[in-house]
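Hi,

Here is the structure I said I would pass on.

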Protein chains: 2
Amino acid sequence: MTTNIPAKEMREVLTALFSKHGFSKEKAKLLAHVHTENTLHGVNSHGINRVPYFIEQLQRGLVKKDAEAKKVEGFGNMERWDGKLGSGVLNAVQCTNRAIVLAKENGMGLVALRNTNHWMRAGYYGWMLAEQNCMGILFTNTEPNMPAWGGKEARLGNNPLVIAIPRKKGHIVLDMAMTQFSFGKINEYKLRGDALPYDGGFDGQGHPTKNPDAILRSKSGLPIGYWKGSALAMVLDMLATLLSAGRSTYKLGLEPFEYGVSQIFLCMDAATFQDGDLREKLLEEIIAYTQDVTPTGPNEKTHYPGERSLAHKIENEKNGMEVSEAIWHRVNDLLNN
Amino acid sequence: MTTNIPAKEMREVLTALFSKHGFSKEKAKLLAHVHTENTLHGVNSHGINRVPYFIEQLQRGLVKKDAEAKKVEGFGNMERWDGKLGSGVLNAVQCTNRAIVLAKENGMGLVALRNTNHWMRAGYYGWMLAEQNCMGILFTNTEPNMPAWGGKEARLGNNPLVIAIPRKKGHIVLDMAMTQFSFGKINEYKLRGDALPYDGGFDGQGHPTKNPDAILRSKSGLPIGYWKGSALAMVLDMLATLLSAGRSTYKLGLEPFEYGVSQIFLCMDAATFQDGDLREKLLEEIIAYTQDVTPTGPNEKTHYPGERSLAHKIENEKNGMEVSEAIWHRVNDLLNN
């Protein structure tokens, strides 16, 4: 059962909720904005649906509401920040903005952030960069939730990766985890009694499978491209850990709850080469070429990364967002009780 | 049939061959070194096996032996270079070295190269960076050789991506194309009469398949992770094209042969934060954790990216390289006739 919520109402309810949990008015508004924006973009799982878990993490003391991220080291266009275990969203917004400043000054800038928390929807920060006419590469490590190729036990995070490119007619924002399907998506297939359309994880014997039950039991998601996504997830964790001098997926796995992750914010100022018209033309050529194809099925279409996210936002701003009734009651209960 | 060739002999033969084709002694030696090094690392397909094709591209006039790559624009830590359609290997070595200089000066540097040619084994430049104690992200676009998700016709390059991290006990170098299997590998399965172990491309109806014959007929490789690798290949092409103001996969597909590709060399100086001992410790922790697992099969083991490449090099330096007899005869014929 879903209910239709306008963005304005969600922002107000969430601002009040985060204020009640001790965030300053300004921070509560920003947190509410990001969760609402993620839901507007159609990613409820990392928008409104994550709010109760975020409140739990606050109550467990794993997210510190009064923490202020701090620059700890800097050299040229690279900086290291310490998130002091504050809100992952607030820290990531701050470090994205800092990477933009470094890029506007130097052409390119990098912020490596340690001791931060879940940033909810990774793509949000890609859209932030693109709105400032910047390109970027962003990633985070996570607790272990998939095996490295060749072994049975979970040793890698799904380490979401974002690549963003500004575009006048709609930004390009790739936002992808290193697992083929999220556990949320696998659970949807299980509830419908369907097999996955492609291998999505491992069974108890360590073999790739389409069976959602087997994957949920083994808690082992499949890396995209089998050995290739396994290797990519490993090096993203290494880069995030080494550049930030922060906690690796290994360290994150030593704790019962995930907290204190490491993240990278790499930003390139698209205005550096002062050829905005050429850039738009080259992008339109690539998109037109990619979409000028025979579809593989009656409902298939080739999309550029970010295309559907933008369409969701336009639709949801006009008509309100479809939100799970249970989640919306839960959020309102948290506010009122 | 293979023959055993020591590295010294290969270097001498190739230096003579490239000299004969008009390269200066210095450039001929460097080209010979890179092709030999790629073969030492076990990647014959992008080492010795590629030499005849490189000579053909020279003879077609698509690779210009006298070209000198040139910096065309620069701002802060980002530069644009024009490869003038010279040798992809020589241009990539020059731009890798330039990115290292920019990184040593600024913390981080980026060179975007246009109008260049096939750089052979992408990983070579990752090893170059790591040898200079640098981390890096490198990629190239290619002619279209796989469909974008949802469409039947080839619209994306397999756009190899390299991520390199220096390490005292053996560098971490991820070197992966966006296709699940190379066409060379698919052909090996066909010759053995075997199916691929996982989906590796599309059949004539645009459906994923393990049948090597069907894939070789359709010329459509499968992106790693289906829609995810499709999106990643697309944004890598966009970044390479926009940052270099070079030719996109779309433009490369307009010509009968691939030439004039676009490449990115992003380099971070690992010495920036002056914590080399901590870096080594964090890396060893991650590798040990990843490898402390129950193998999925009797011959399985979890590797870090670059581990097998280094083992090949050590083995091949000691015992010589296994090279196809046909290829070795062809190369010697090119030199002597």
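Let's start where the chains meet: 65 residues of chain B are in contact with 65 residues of chain A, where contact means that the C-beta atoms of two residues, placed from the backbone, lie within 7 Å. On the chain B side, H8(B) gives the largest share, eleven residues. Other elements of chain B that supply at least two residues each include strand S4 (108–116), strand S9 (172–176) and helix H10 (276–291). By class, that side of chain B has 35 nonpolar, 18 polar and twelve charged residues. For the classes, Ala, Val, Leu, Ile, Met, Phe, Trp, Tyr, Cys and Pro count as nonpolar, Asp, Glu, Lys and Arg as charged, and the others, Gly among them, as polar.

Before going on, some housekeeping. This is a predicted model, in which local features need pLDDT of at least 70 and side-chain atom pairs count only at pLDDT 80 or more, while totals for chains, interfaces and linings use all residues. Residues are numbered from 1 along each chain as its sequence is written, and chains are lettered from A and ligands numbered from 1 in the order in which they are written. Helices (H or I, at least four residues) and strands (E, at least two) are DSSP runs, numbered from the N terminus.

One helix pair spans the two chains. The axes of H10 (residues 276–291) of chain A and H8 (residues 227–244) of chain B come within 10 Å and cross at roughly 150°; axes are lines fitted to C-alpha atoms, for helices over the stretch in contact, and angles run from 0 to 180 degrees between N-to-C directions. H10(A) and H8(B) are therefore roughly antiparallel (under 35 degrees counts as roughly parallel, over 145 as roughly antiparallel, 65 to 115 as roughly perpendicular and the rest as oblique). From H10(A), A:Arg279, A:Leu282, A:Leu283, A:Ile286 and A:Thr290 meet B:Met234, B:Asp237, B:Met238, B:Thr241 and B:Leu242 of H8(B). That contact divides into six nonpolar, two polar and two charged residues.

Now chain A by itself. Its secondary structure comes to twelve helices and 13 strands, and its C-alpha trace spans about 55 × 50 × 45 Å along the principal axes. Buried residues make up 57% of its 337 residues (buried: 20 or more other C-beta atoms within 10 Å of the residue's own; exposed: 12 or fewer; partly exposed: in between). Among contacts in chain A between residues at least 6 apart in sequence, 62% join residues at least 24 apart.

Within chain A, the axes of H2 (residues 25–40) and H4 (residues 88–106) come within 10 Å and cross at roughly 90°, which makes H2(A) roughly perpendicular to H4(A). Here A:Lys27, A:Leu30, A:Leu31 and A:Val34 in H2(A) meet A:Val89, A:Leu90 and A:Val93 in H4(A).

- A:Val34, in H2 of chain A, counts as buried because it has 25 C-beta neighbours inside 10 Å. Leaving aside neighbours within four places in sequence, A:Val34 is in contact with A:Val89, A:Met120 and A:Tyr124.
- A:Asp175, in strand S9 (residues 172–176) of chain A, counts as buried too, with 24 C-beta neighbours inside 10 Å. With the neighbours within four places in sequence left aside, its contacts are A:Ala122, A:Gly123, A:Gly126, A:Pro160 and A:Val162.

Cheers
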